[in-house]
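Open the model in your viewer and keep the selection tool at hand.

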Amino acid sequence: YIRAGTLTGAGAIAADGGQTSNGYASGGGGRVAVYGSTAAFTGSIHAYGPIGWASQNAAAGTVFIKAPTTNGTLIVDNNNIVSVGSTYLASPTTSGNYAFDLIISSGKSLLISNGPAAFSTVTIQNAVIGDLSGVATIYGNLNLPGASFTLLSSSLTVSSGAITGSADITIGTYSYLALQNAPSYTVGNFTLGTGAVLQIGRAHV
């Protein structure tokens, strides 16, 4: 990780996974954390999972940027490579409490809070945004303590818990929110954009 007052410049910080050509899956992306202001940084920060042997493509890593007095931004981006694996906040069997101001899920990434046998609380102050290709799943509670929460160009599933908090919720154009545990929810105002989907309970096909 990097801890600094400010990060400036136009270079690149990368923790991309390693490629293989010998019949094994490629290594997943690593983890990058920057604690400090990045407002003046114009370069790139990424942790891509590379293309693997026989389509055994690896999952993205995580980029976490935390400016002073914020909960930070989590970025999961796999550079438009479809992965056979997923990106976990911790190990699949580890429960935890995680807090972010913003999650960016893009580039065909698959973000999972933890495995289905664990239960976590993920607090998001502002939004989950993406490029209509990233998918995120929370096994546990989604806590929305802010005045408003926006799901924009993203797919988010709350698999085993509930929504807590009373934020106004906006599901943007063509975004998807699934609440699979399907208790009753009391929130502020609820807005569905064009083509947006709110799935209550588990879909059956």
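A cavity is a set of grid points where a 1.4 Å probe fits but cannot get out. Bear in mind that this model is predicted.

Select Leu89, Ile103, Leu111, Ile112, Ser113, Val122, Ile124, Val128, Ala136, Thr137, Ile138 and Leu156, which line the largest cavity. About 80 Å³ of space lies inside the largest cavity. Now colour strand 9 (110-112), strand 10 (120-130) and strand 11 (135-138), the elements that each give two or more residues to this lining. By class, the lining of the largest cavity has ten nonpolar residues, two polar ones and no charged ones.

**An open space**

Next, select Arg31, Val32, Ala33, Tyr35, Thr62, Phe64, Leu74, Leu89, Tyr98 and Phe100, the lining of the largest pocket. The space in the largest pocket comes to about 170 Å³. Which strand gives the most to the lining of the largest pocket? Strand 3 does, with four residues. Strand 5 (62-66) and strand 8 (97-106) each supply at least two residues. The lining of the largest pocket divides into eight nonpolar residues, one polar and one charged.

Finally, select Phe190, Leu192, Leu198 and Ile200, which make a nonpolar surface patch of about 330 Å². Strand 18 (190-192) and strand 19 (197-200) each give two or more residues to the nonpolar patch. Zoom in on Phe190, in strand 18. Its relative accessibility is 35%, so Phe190 counts as partly exposed, a class that runs between 20% and 50%.

Definitions and conventions: Residues are numbered from 1 along each chain as its sequence is written. This is a predicted model: local features need pLDDT of at least 70, side-chain atom pairs count only at pLDDT 80 or more; totals for chains, interfaces and linings use all residues. Side-chain values use heavy atoms; hydrogens and water are left out. Patches are made of residues with over 30% relative accessible area and no salt bridge: like charges are joined within 9 Å, nonpolar side chains (Val, Leu, Ile, Met, Phe, Trp, Tyr) within 5 Å. Accessible areas come from the Shrake-Rupley method with a 1.4 Å probe; for residues, only the protein chains shown count as cover. A salt bridge is a side-chain nitrogen of Lys or Arg within 4 Å of a carboxyl oxygen of Asp or Glu. Buried means under 20% relative accessible area, exposed over 50%, partly exposed in between (1.4 Å probe, protein chains only). On a 1 Å grid over the protein atoms alone, a cavity is a set of points where a 1.4 Å probe fits but cannot get out, and a pocket is an open set with protein on both sides within 12 Å along at least five of seven lines; lining residues have an atom within 4 Å of a point. Grid points are joined across faces, edges and corners, and a volume is the space filled by probe spheres set on the points. Ala, Val, Leu, Ile, Met, Phe, Trp, Tyr, Cys and Pro count as nonpolar, Asp, Glu, Lys and Arg as charged, and the others, Gly among them, as polar.
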